[in-house]
Amino acid sequence: MTMATAATLLTQAQGIQYPKAEKGNTADIYFGTRVEDPYRWLENDTSAQTAAWVEAENKITNEYLNKIPFRQKLLKRLTELANYDKVGAPRKHHGKWYFYRHDGLQNQSVLYQTDELGGEPRVFLDPNQLSTDGTVALKGTYFSHNGRWAAYAVSRSGSDWQEFYVIDLQTGQLTNDHILWAKFSGAAWHGDGFYYSAYDAPTQGKEFSNVNAGHKIYYHKIGTPQSEDVLFYQNPAYPKRFYWVETNEAETVMYLYEDGAGAGNTLYVRDMRQKEAQFMQMTADMDYQYQPIYDENGRLYIFTNYGAPKGRIMTADLHRPGIGDWTELIGEQGDVLSGASVINRQLVLTYQKDAADRASLYGLDGKLIRDVQLPGVGSVGFTGNEREPECFYTFTSFTVPGTIYRYDMQTGQSVLYAQPTVKFRQGDYQTVQVFFPSKDGTRIPMFLTYKKGLKLNGSNPVYLYGYGGFNISLGPSFSAMRIPFLEQGGIYAQATLRGGSEYGEEWHQAGTKMKKQNVFDDFIGAAEWLISEGYTSKERIAIVGGSNGGLLVGACMTQRPDLFRVAIPQVGVMDMLRYHRFTIGWNWAPDYGTSEDSPEMFEYLRAYSPLHNLKPGTHYPATLVTTADHDDRVVPAHSFKFAATLQECHTGTNPVLIRIDTKAGHGGGKPLAKVLEEQADIYSFILYNMGLRYK
């Protein structure tokens, strides 16, 4: 008897009895077509009925996971691997240096301050002191330009809602300033106050599900209550858009951003030296991205993909800022421009070539100074100030944890500054990049990381990960959580799917709206290629993805349930007909389209919507759906309705479970303790249902 057979029999012997979910008679009519929604009641996340269902589902899921004989051993190894010192790149503010550090097993990273580089650090802000369980996370820190104040934003239990607090930098003490109901906002300083973006206080009990509309910008003066904050900007004509402002260091230029109705943003600028000056419109559409990166003597430097799908740098005049008067400084290249900043009055540009980074230095005149010699194939991020010489970059790859280098901008030399030590044999593993044809012949890249000496015997376990959407790039990255899987002979496969930004705006658009099926075809093609090339078999493939990647997993497991052994859709968008009716779901319409757009768009969405393509009597892969009670990005109703329908439709002995976390959200800021528990559950579920044991 094989181990896979043994695992199947064990599941069968457990006799999982899924909670009985009441079916209602709710339905919607789309262009004359009736669509049943029997589990609509699960959208009410505060009802007693939903709470009882959640409790029952978590009970059987926890019982199943706790019976996996090696789960605790795997959790112990994950904890050991996570226990390493992580240091962020230092950043200078008003003569002091600040950096994040995580001692290994803290729930949240701590922000430290030093008087000089390498000096004795002292705690500036410790989020671990803000809650007993680590569920209050630091979202951002913003230093005033006059050196007097620092505002910081926190989120609670993983929610996107933000609260702002202020530290007096002269005394180090917290002020009485406290801002509530901010969202998708930074703090743009002007004098002894800052601008922030917020919504009206939501209806009690619906804080995490109701549609977010009416984004407003306020000005808060230090020392005054929020009730006295001045409404600075709103646009009632477009309540379902985002608005925020930025100010430059000299507080002479202010930018206003508007987005939420396209693949990019609209940009406005205001000359703050003129007291009564109004915003001047720089761009007229939201189809392209416009990101100011620097200004000098009224000359504005802008990173954009307007007229250049792979990105370019342009300049504008503050007094004639319309896009028709812009001048190209650094034109589009063969690789995608993925990042741009100014350090020491030099342009630092990051490009992506086949989803991996390279970097170059340019003068403000647009002339190439030199290419930056990076340590290898991976991802890089630069840190520094516009007019100061110190420059750092963080480099990471699938086998190299985030390592910081100090970069000499005069000589081009990189010197190791901080390197973490993780308790695994780094030299035992390798990463290769392969290319395979998708269904329509498009050439798709994929990174494979595995132990050296891998045999192509068709039996290696594979963790296949993807995203494919919203112009988001999926480059090389390190995660200690993957190591136990690699140690067991597993392969971590990361597919570069259409819908992302890895090859520019055309690559993004090829995975949107009525081309979204391309993304699923790419992911299915990745699995088929891994099988055909002898890396693995259908019995050893787990597909994993979160958010838009959860949609990816849901669509692929419903379209090809025969192709995968395990499916892990995390915080996924599962109801493609109603997604735009919750919190900020309307903001995803430029990528997805909505069921209200046209009969053709409705039919297209219904054809792949994971919830609407579960078929009774189908044998689905072993599935662990994950979500959380405070997810106000992709509301848990998506996962609730999908899990209830899956359990109703599924036949066979594979477990189809849902794991619903508490005091957690979409994933950002999740305390390490919760991360470790979740990853132990996921990896033990994967290995166990592949018939493998953790050695």
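Analyst: A salt bridge is counted here when a side-chain nitrogen of Lys or Arg lies within 4 Å of a carboxyl oxygen of Asp or Glu. Please keep in mind throughout that the model is a predicted one.

User: With that criterion in hand, how many salt bridges does a search of the whole structure find, and how far apart are the closest N and O atoms of Asp-681 and Arg-659?

Analyst: The general idea is that side chains of opposite charge can pair when their charged atoms come close. A search over the whole structure returns 46 salt bridges. For Asp-681 and Arg-659, the closest N and O atoms are 2.7 Å apart. This pair joins distant parts of the chain, with Asp-681 in helix 11 and Arg-659 in strand 39, 22 residues apart.

User: Are the two partners, Asp-681 and Arg-659, buried or exposed?

Analyst: The cut-off to apply is that a residue is buried under 20% relative accessible area and exposed over 50%, with partly exposed in between. Asp-681, at 4%, is buried, and Arg-659, at 10%, is buried as well.

User: Which residues are linked with this pair in a network of salt bridges?

Analyst: The network of salt bridges links Arg-71, Arg-659, Asp-661, Lys-670, Lys-674, Glu-677, Glu-678 and Asp-681. Within it, Arg-71 forms a salt bridge with Glu-677, and their closest N and O atoms are 2.6 Å apart. That pair also links distant parts of the chain, since Arg-71 belongs to helix 3 (residues 71–82) and Glu-677 to helix 11 (residues 672–689), 606 residues apart.

User: Where in the chain do Glu-539 and Arg-565 lie, and what is the distance between their closest N and O atoms?

Analyst: Glu-539 and Arg-565 form a salt bridge whose closest N and O atoms are 3.6 Å apart. Glu-539 is in the loop between helix 6 (517–532) and strand 36 (541–546), while Arg-565 is in the loop between helix 7 and strand 37 (566–570), the two being 26 residues apart. Glu-539 is partly exposed at 41% relative accessibility, and Arg-565 is buried at 10%.

User: Turning to the helices, how many residues of helix 6 are buried, and what span does helix 6 reach from its first C-alpha to its last?

Analyst: An α-helix has 3.6 residues a turn, so residues three or four places apart point the same way. Helix 6 has 16 residues and reaches 22 Å from its first C-alpha to its last, close to the 22 Å expected at 1.5 Å a residue. Helix 6 is mostly covered, with 12 of its 16 residues buried, including Phe-520, Phe-523, Ile-524, Trp-529 and Leu-530. After helix 6 comes Gly-534, whose phi is positive, near 85°.

User: What covers the buried residues of helix 10?

Analyst: Helix 10 (residues 637–649) is mostly covered, with 12 of its 13 residues buried, among them Phe-640, Phe-642, Leu-646 and Cys-649. The elements covering these buried residues include helix 2 (48–66), helix 7 (548–559), strand 38 (622–628) and strand 39 (656–661).

User: Which residues of the largest nonpolar core touch the most other members?

Analyst: The largest nonpolar core has 71 residues, of which Trp-53, Met-446, Leu-448, Leu-464 and Ile-543 touch the most other members. Helix 6 supplies the largest share of this core, eight residues. Apart from it lies another core, of 44 residues, among them Leu-78, Phe-485, Ile-682 and Tyr-683. Leu-448 is in contact with residues that include Ile-491, Trp-529, Leu-530 and Tyr-535, not counting residues up to four places away in sequence.

User: Where is Leu-454 found, and which residues does Leu-454 touch?

Analyst: Leu-454 is found in the loop between strand 33 (443–451) and strand 34 (462–465), and at 22% relative accessibility Leu-454 is partly exposed. Not counting residues up to four places away in sequence, Leu-454 touches Asn-460, Gly-489, Ile-491 and Tyr-535. The C-alpha atoms of Leu-454 and Tyr-535 are separated by 8.7 Å, although the two are 81 residues apart along the chain.

User: Finally, in what order do the four strands of the open sheet run, and which are the edge strands?

Analyst: The four strands form an open sheet in the order 24-25-26-27, with antiparallel pairing. Strand 24 (336–343) and strand 27 (368–372) are the edges, each pairing on one side only. The twist averages 25° from one strand to the next. Strand 24 and strand 25 (residues 346–353) pair over seven bridges, and the bridge partner of Leu-337 in strand 25 is Tyr-351.

Note on methods. Residues are numbered from 1 along each chain as its sequence is written. This is a predicted model: local features need pLDDT of at least 70, side-chain atom pairs count only at pLDDT 80 or more; totals for chains, interfaces and linings use all residues. Side-chain values use heavy atoms; hydrogens and water are left out. The expected span of a helix is 1.5 Å times one less than its number of residues. Buried means under 20% relative accessible area, exposed over 50%, partly exposed in between (1.4 Å probe, protein chains only). Contact means heavy atoms within 4.5 Å. Two strands pair if DSSP finds at least two bridges between them. Axes are lines fitted to C-alpha atoms, for helices over the stretch in contact, and angles run from 0 to 180 degrees between N-to-C directions. A nonpolar core is a set of buried Ala, Val, Leu, Ile, Met, Phe, Trp, Tyr and Cys residues joined through side-chain atoms within 4.5 Å.
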